Amino acid sequence: MQAAIVEAPGKVSVTTVPDPTPGPRDVVVSVASCGLCGTDLHILQGEFAPTLPLVPGHEFAGEIVGVGRDVTELAIGDRVAVDPSLHCHECRYCRSGRGNLCERWAAIGVTVSGGAAEYAVAPVANCVRLPEHIDVKDAALIEPLSCAVRGYDVLNSTLGAEVLIYGSGTMGLMMLELAKRTGAAGVDVLDVNPDRLATASLLGCSRSAAAADELDRPGGWDVVIDATGNAAAIQDGLGRVAKGGTFLQFGVADYATTAVIEPYRIYNQEITITGSMAVLHSYERAAALFATGVLDPAVFISDRLPLAQYPQAIDRFKAGIGRKIVVEP
C-alpha cells in the first residue's frame, strides 16, 4: 500500500509499505480521509514521536475492510471514525480515569503507524460507527472536535461568559463553535491571518481583530483560550484574563516555548491557568455532536489533496494556508 512516511526530522515522503495485518481485537480501515494538524508538524520537527520512521495521521475515518478473529462488534463494510488514543489502562492515571495523562501514553499516528496511508489498523474499541447521513470523507473532523470537547470539559464554563480565542485555525474555530453552544455571552477571536479571521466572522464570532488592543474590554475576558501555541499570543493572553477568570492553554506549543506569569496577580485575582491534553472520554460525544451538524465540513475543510501529495499538504499547512487540510488516499 501507499503511505506517507516521516523518515527523519524534516524529511517526509510517500512510498510503498506492507499492508497492515490486524491483531485479534483490531480492524483494518480503508482510509477515506486523514486530517493534518499541528501535532504532525511537531512529529516532522522530531518531537512527540518516540521513534522514526513513522506513518503519521491521527485524524482519520474510513471503511472497515478486515477484522481480527475476536472482533464481533463491527463488520467489514462498516464506516467508522477512529479515536487514536492508546492507553495502558494500568498506570495510576489510567486507573484514576485520566488516560490522556497515561504514563505510557501512545497514539495511532504518533507512536504507531497512522492514517496517512491507504490502510490503517486500529483497536475495535477505538472505532465509532458512523450514521448513514455522514460523509466518511468529512469524518476526519471528529478527532479534532473531540479535543475541543475535552477543552470545554476542562473549562467548566459558566453561562454568560465573555470568551477570547487566540487563533482562527481549525481548533480555534471549533472552540468558537462550542463556545456559542455552551452559553457564552460573547466570543471574540484574534488572528493575524485575515483569511482565517474572515472565517471566524462567517461562523458568527462577536468580534474579530488582529490584536486584543483593537477590542474594547478593559476588564479582560472571563475565559481566554490560546489555540495557537505561539509564545507571543500565550503571553498576551495571560494578561487578558479578567478577575476570577480562566486561561486555557489549548494550542500545542514547541517544547522550548516559555511564558512569564505574575504569581501575585494569579493569587489576588483568583485566576485559573489550565491545560487540555488531547482526548479524554470525549470522542463518542464529539461523534454524536458531529452527527447533529455542529460543524459545517464545507467551511472547516479548505483543502482535499491526494495522499501522493502529502509532502505538499504539509508544506501548505506549515505556511498557514487554508483551514483543515485532509489527504484522501
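This is a predicted model: local features need pLDDT of at least 70, side-chain atom pairs count only at pLDDT 80 or more; totals for chains, interfaces and linings use all residues.

Reply: Residues are numbered from 1 along each chain as its sequence is written, and side-chain values use heavy atoms, with hydrogens and water left out.

Me: What is the order of the strands in the open sheet of six strands?

Reply: Strands (E, at least two residues) and helices (H or I, at least four) are DSSP runs numbered from the N terminus, and two strands pair if DSSP finds at least two bridges between them. Here the order is S12-S11-S10-S13-S14-S15, with parallel pairing. Strand S12 (207–209) and strand S15 (272–275) each have a single partner strand, so one side of each lacks a neighbour in the sheet. Within the sheet, S13 (residues 221–226) and S14 are joined in the parallel sense over five bridges, and Trp 221 stands opposite Val 241 in S14.

Me: Which strands does helix H3 lie across?

Reply: Angles run from 0 to 180 degrees between N-to-C directions, and axes are lines fitted to C-alpha atoms, for helices over the stretch in contact (heavy atoms within 4.5 Å). Helix H3 (residues 142–155) lies across S13, S14 and S15, at about 150° to S14.

Me: Is Arg 150 buried or exposed?

Reply: Buried means under 20% relative accessible area, exposed over 50%, and partly exposed in between (1.4 Å probe, protein chains only). Arg 150, which lies in helix H3, is buried yet has no salt bridge; such a bridge requires a side-chain nitrogen of Lys or Arg within 4 Å of a carboxyl oxygen of Asp or Glu. The nearest side chain of opposite charge (Lys and Arg count as positive, Asp and Glu as negative; His and the chain ends are not counted) is that of Asp 153, 4.7 Å away.

Me: How many aromatic pairs does the structure hold?

Reply: Rings of Phe, Tyr and Trp (its six-membered ring) pair if their centres lie within 6.5 Å; planes under 30 degrees apart are stacked, over 60 edge-to-face, and the rest tilted. The structure holds two such pairs. In one of them, the ring centres of Phe 48 and Tyr 255 are 5.7 Å apart and the planes are at 45°, so the pair is tilted. These residues are 207 residues apart, and the pair links distant parts of the chain. Phe 48 is partly exposed, at 27% relative accessibility, whereas Tyr 255 is exposed, at 57%.
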